[in-house]
Amino acid sequence: MEHLDLTFPEFVKKLKTAKPGKDKVYLQQALNEGVGKRIVADFLGFNWSWVTEQQKKNKFGALTSNLLLIGMEGNVTPAHYDEQENFFAQIRGYKRFILFHPDQFKCMYPYPTYHPCDRQSQVDFDNPDYKRFPKFKDVKGYETVVGPGDVLFLPMYWWHQVESLPDHGHTISVTFWYKAGPIGNVVYPLSPQQKVSMMRNLEKMIHQALNNTDEIPEFMQNMVLGRYTDPPA
């Protein structure tokens, strides 16, 4: 995948000349005046009272950013999870979401936290390698399609793969990202979301302490093999 820094008009020109099925063109841009005043004006016309009401109702933290997403039909964003709450608003075209609850973490095989694809599944959904990822056979998920005017709530740590449906033209989406709300009192047993967060923090701490990514796989294996991989005597 090639990353290019383009002005918005340059991207639009590239998008118009791209060939479906051959080229893959995708824009992820913070919504600011760099995308043009007319787009910003449309954005400000969103139903902000509804979004703000949902933020208060769900006790989210502050709004951190809004992203404009524009892509070609057939584009696929691999399965991953995010660490903020997200309202995903579809403006044009249709996108298919495959969603997995955080309790499916053991079936999704994410990359290590220090990997460039952190928070992304290693599994190729179109051609899964069940020898490397045997538990993926047992994964349970949900599927939905969003179209113009739809808003999909993507909670923190929910896995999602996103495909721009073919034969429906370019897709335009806008995301609303919020920090998590206050945790409050810890209640046991911990939720799947809390366990994922805890695993991430432990992994990051080990990475920082070792200060050498090459040592991490052996260290992690030595910590669990025979101690937590076999039933106790």
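# Reading a predicted fold

Biologist: Lys59 has a relative accessibility of 63%. Does that make Lys59 buried or exposed?

Modeller: Start with the cut-offs: buried is under 20%, exposed is over 50%, and partly exposed lies in between. At 63%, Lys59 therefore counts as exposed. Keep in mind that this is a predicted model.

Biologist: Where is Lys59 in the chain?

Modeller: Lys59 sits in the loop between α3 (48-57) and β2.

Biologist: What is the phi of Lys59?

Modeller: Lys59 has a positive phi of about 60°, although it is not a glycine. Now look at Arg119, which is not a glycine either and has a positive phi of about 75°. Arg119 belongs to the loop between α4 and β6. With a relative accessible area of 25%, Arg119 is partly exposed.

Biologist: Let us step back. How many helices and strands does the chain have?

Modeller: Six helices and nine strands. The C-alpha atoms fill a box of roughly 65 × 45 × 35 Å along the principal axes.

Biologist: What share of the chain is buried?

Modeller: Buried residues make up 34% of the 233 residues.

Biologist: Now a helix. Which residues of α1 are buried?

Modeller: Helix α1 runs over residues 8-17, and its buried residues are Phe8, Phe11 and Leu15. They cover an arc of only 55° around the axis, so they lie on the same side of α1.

Biologist: What does the face turned away from that buried side carry?

Modeller: That face carries the exposed residues Pro9, Lys13, Lys16 and Thr17.

Biologist: And what covers the buried residues of α1?

Modeller: The cover includes β1 (26-30), α2 (37-44) and β2 (63-71).

Biologist: Next, salt bridges. How many does the structure hold?

Modeller: Five. To read one, check the distance from N to O, then ask where each partner sits. Asp82 and Arg119 meet through their side chains at 3.2 Å, N to O. Asp82 is in the loop between β3 (76-80) and β4 (85-92), and Arg119 is in the loop between α4 and β6 (142-146), so the bridge ties together parts that are 37 residues apart in sequence.

Biologist: Is Asp82 buried or exposed?

Modeller: Asp82 has 13% relative accessibility, so it counts as buried.

Biologist: Which residue meets Glu143 in a salt bridge?

Modeller: Arg96 does, with 3.2 Å from N to O. This pair links distant parts of the chain: Glu143 is in strand β6, Arg96 is in strand β5 (residues 95-100), and they are 47 residues apart. Glu143 counts as exposed at 55% relative accessibility. Arg96 is partly exposed at 24%.

Biologist: What does Asp118 pair with?

Modeller: The side chain of Asp118 meets that of Arg200 in a salt bridge of 2.9 Å, N to O. Asp118 lies in the loop between α4 and β6, while Arg200 lies in helix α5, so this bridge joins parts that are 82 residues apart in sequence. Arg200 is buried, with a relative accessible area of 4%.

Biologist: Which residues are linked in a network of salt bridges?

Modeller: Glu83, Asp118 and Arg200.

Biologist: Helix α5 came up there. How do I read a pocket?

Modeller: Look at its volume, its lining and the elements behind that lining. The second largest pocket holds about 1,000 Å³ of space. It is lined by 28 residues, and the closest to its centre are Phe105, Met199, Glu203, Met220 and Val224. The elements giving two or more residues to this lining are α4 (105-108), α5 (192-210) and α6 (216-224).

Biologist: Which element gives the most to that lining?

Modeller: α5, with seven residues. By class, the lining has 19 nonpolar, four polar and five charged residues.

Biologist: One last feature. Where is there a cis peptide bond?

Modeller: Check omega: the bond from Tyr188 to Pro189 is cis, with omega near 0°. Pro189 is in the loop between β9 (171-178) and α5.

Note on methods. Residues are numbered from 1 along each chain as its sequence is written. This is a predicted model: local features need pLDDT of at least 70, side-chain atom pairs count only at pLDDT 80 or more; totals for chains, interfaces and linings use all residues. Side-chain values use heavy atoms; hydrogens and water are left out. On a 1 Å grid over the protein atoms alone, a cavity is a set of points where a 1.4 Å probe fits but cannot get out, and a pocket is an open set with protein on both sides within 12 Å along at least five of seven lines; lining residues have an atom within 4 Å of a point. Grid points are joined across faces, edges and corners, and a volume is the space filled by probe spheres set on the points. Helices (H or I, at least four residues) and strands (E, at least two) are DSSP runs, numbered from the N terminus. Ala, Val, Leu, Ile, Met, Phe, Trp, Tyr, Cys and Pro count as nonpolar, Asp, Glu, Lys and Arg as charged, and the others, Gly among them, as polar. Buried means under 20% relative accessible area, exposed over 50%, partly exposed in between (1.4 Å probe, protein chains only). The arc is that of the directions from the helix axis to the C-beta atoms. Contact means heavy atoms within 4.5 Å. A salt bridge is a side-chain nitrogen of Lys or Arg within 4 Å of a carboxyl oxygen of Asp or Glu.
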